[in-house]
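Here is a short tour of one protein model. Look at the sequence and the fold first, then read on.

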Amino acid sequence: MANSTPENKRRRGDDGDDQKPRSKQKTKHANTSRTTTPPTARMTSVTAGATTSSPPPVRHHPNPKVTASATKGIPPPPMVGGDDVDLVPPEMTSPTLQQSKASSNSLKSGQRKEQNKRSKTQNGKIFEEEENKEEDEIVLEAGTNTAGAQFSWLYAILLLLVAGSAGLVHQRIVQELHTQCKGHKRNYEYAQKQLNWVVEERNLVKNDLESVSADYFDLIHEIQATSRQQLISRFGTGPYYEVELELHFAEDEPEQFNYMTVELDGENMPHTVLTFLTQIDHGLYNTGGFAFHHNGDHIVFGSPIANHLNFDEEDTWERWQFSGVSQLTYQEYTERVPHLPYTIGFSQRGPNLYFNVLDNTLAHGEIRDPCFGKVTRGWELVDRMHMASGELGTGDWKPLEPGYVAIRSAFILSRE
């Protein structure tokens with residue numbers, strides 16, 4: 001066992017290969033990589049005689065693969081269509097060829113080593129790049145996981161904040177609605193009180209109206225009763241009274257007379273008949289104190305106005321105003337005396353008068369104009385006055401042409 005140590009081996013100088021230096025061993029191993037001369041080449045050199053110093057030129061086969069196989073010591077196939085001769089001559093096995101092969105092999109081995117180094121370098125770079133990439137991916141994944149966790153926490157916090165704010169908003173909305181409900185309730189209670197007050201006032205007004213209406217109707221009945229008594233005492237027992245109207249048209253001669261008779265209903269319209277007879281008795285219609293001046297499609301209308309018999313309109317109005325009977329005390333109306341054609345009526349309370357040329361029961365009855373008599377003689381005078389305005393349409397209002405029709409005189413014919 002002691003003789004086999006490295007020191008003992010160095011001390012032995014003549015014992016085989018152990019005494020060779022390590023560098024020579026490497027050289028021996030390196031020389032073993034050289035190619036040996038194939039047996040066929042050695043036999044060829046023996047038969048040919050002495051070995052020449054410079055080999056003859058090599059014949060190249062047209063096929064590069066064949067030439068390459070020849071350089072490797074493998075006998076190439078014969079050329080197609082050529083002589084059956086050896087493509088690799090005996091001189092190819094010379095030491096020069098062997099040296100060239102060895103140099104080519106060493107060159108190839110160097111190239112292989114260089115390629116191996118490059119591949120190792122590239123593989124190292126690739127490995128480093130892959131490692132860096134893996135590290136980046138790991139870092140990225142870790143960052144992503146960290147960011148995801150942070151986002152999850154932030155999202156959870158955000159949800160809590162949103163839920164809290166939503167709860168606060170909901171609470172505020174509920175409070176506002178509660179406040180609004182209280183306000184609406186107060187408004188409703190106030191409106192209910194106001195409505196109750198209005199209802200109470202309406203009931204009071206209704207009661208007042210009923211009492212006033214009762215008093216009104218009592219007053220009307222009293223006025224009518226007083227008017228009947230005065231009619232009887234002043235103008236006869238009646239109940240119907242006749243009056244005669246003398247009309248003068250502007251185009252007529254001064255001595256031309258036109259008479260019309262009107263019968264008055266003192267039974268149903270006592271106050272209106274009393275007022276009209278009193279106006280005649282005071283002479284308000286005489287000498288042009290009244291004239292018919294305009295026509296509608298349904299009436300012939302007249303007023304105390306200046307005309308061709310009376311040019312002083314101011315004096316006429318003064319006479320009417322100071323008479324005390326220019327107007328009715330109230331608008332007396334009854335359906336028993338309708339507004340039929342050729343009837344006479346006051347416009348509201350007077351003193352304006354009109355003759356109906358159409359059935360105006362609905363129109364004038366709705367506004368409750370007093371109708372108190374009818375024409376019993378001289379209907380043609382009503383038609384003549386109405387035609388003095390020419391053709392009339394619905395709603396037309398035209399003056400009489402060539403002038404107004406004045407009342408020259410008015411007489412009470414009967415006082416029965």
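## Strand β5 and its partners

T343 stands opposite K374 in β7. β5 and β7 pair in the antiparallel sense over three bridges. Two strands count as paired if DSSP finds at least two bridges between them. β5 also pairs with strand β6 (residues 353–356), in the antiparallel sense and over three bridges. There, F346 has L353 in β6 as its bridge partner. β5 and β6 form a hairpin with six residues between the strands, and in it Q348 takes a positive phi near 60 degrees.

In a regular strand, side chains alternate between the two faces of the sheet. Strand β5 (residues 343–346) is covered on both faces. T343 and G345 are buried on one side, I344 and F346 on the other. Buried means under 20% relative accessible area, exposed over 50%, and partly exposed in between, with a 1.4 Å probe and protein chains only.

## How the model was read

This is a predicted model: local features need pLDDT of at least 70, side-chain atom pairs count only at pLDDT 80 or more, and totals for chains, interfaces and linings use all residues. Residues are numbered from 1 along each chain as its sequence is written, and side-chain values use heavy atoms, with hydrogens and water left out.

## The whole protein

The protein has nine helices and nine strands. Helices (H or I, at least four residues) and strands (E, at least two) are DSSP runs, numbered from the N terminus. Of the 416 residues, 30% are buried. Among contacts with a separation of 6 or more, 68% join residues 24 or more positions apart. Contact means heavy atoms within 4.5 Å.

## Confidence

pLDDT is the predictor's confidence in each residue, from 0 to 100. The protein averages 76, and 63% of the residues score at least 70. Among the elements, strand β7 (residues 371–377) has the highest mean pLDDT, 97. Helix α3 (residues 39–48) has the lowest, 42. Over residues 1–54 the pLDDT is below 50, and this stretch has 23 contacts in the model beyond near neighbours in sequence. Residues 65–72 also stay under 50. The model has twelve contacts for them beyond four places in sequence.

F276 is found in helix α6 (residues 270–281). Its relative accessibility is 1%, so F276 counts as buried. Not counting residues up to four places away in sequence, F276 touches V243, L264, Y285, F346, L353 and F372. F276 and V243 are 33 residues apart in sequence, and 10.0 Å apart in space, C-alpha to C-alpha.

T334 is found in the loop between α7 (313–323) and β5. T334 is buried, with a relative accessible area of 12%. Leaving aside neighbours within four places in sequence, T334 is in contact with N268 and M269.

## The second largest pocket

Rolling a probe the size of a water molecule over the atoms shows where empty space is left. On a 1 Å grid over the protein atoms alone, a pocket is an open set of points where a 1.4 Å probe fits, with protein on both sides within 12 Å along at least five of seven lines; lining residues have an atom within 4 Å of a point. About 260 Å³ of space lies in the second largest pocket. Its lining has 16 residues, and the closest to its centre are I220, Q224, Y330, Y333 and R368.

Helix α5 (residues 95–235) gives the most to this lining, with six residues. By class, the lining has seven nonpolar, five polar and four charged residues.

How values were computed: Grid points are joined across faces, edges and corners, and a volume is the space filled by probe spheres set on the points. Ala, Val, Leu, Ile, Met, Phe, Trp, Tyr, Cys and Pro count as nonpolar, Asp, Glu, Lys and Arg as charged, and the others, Gly among them, as polar.
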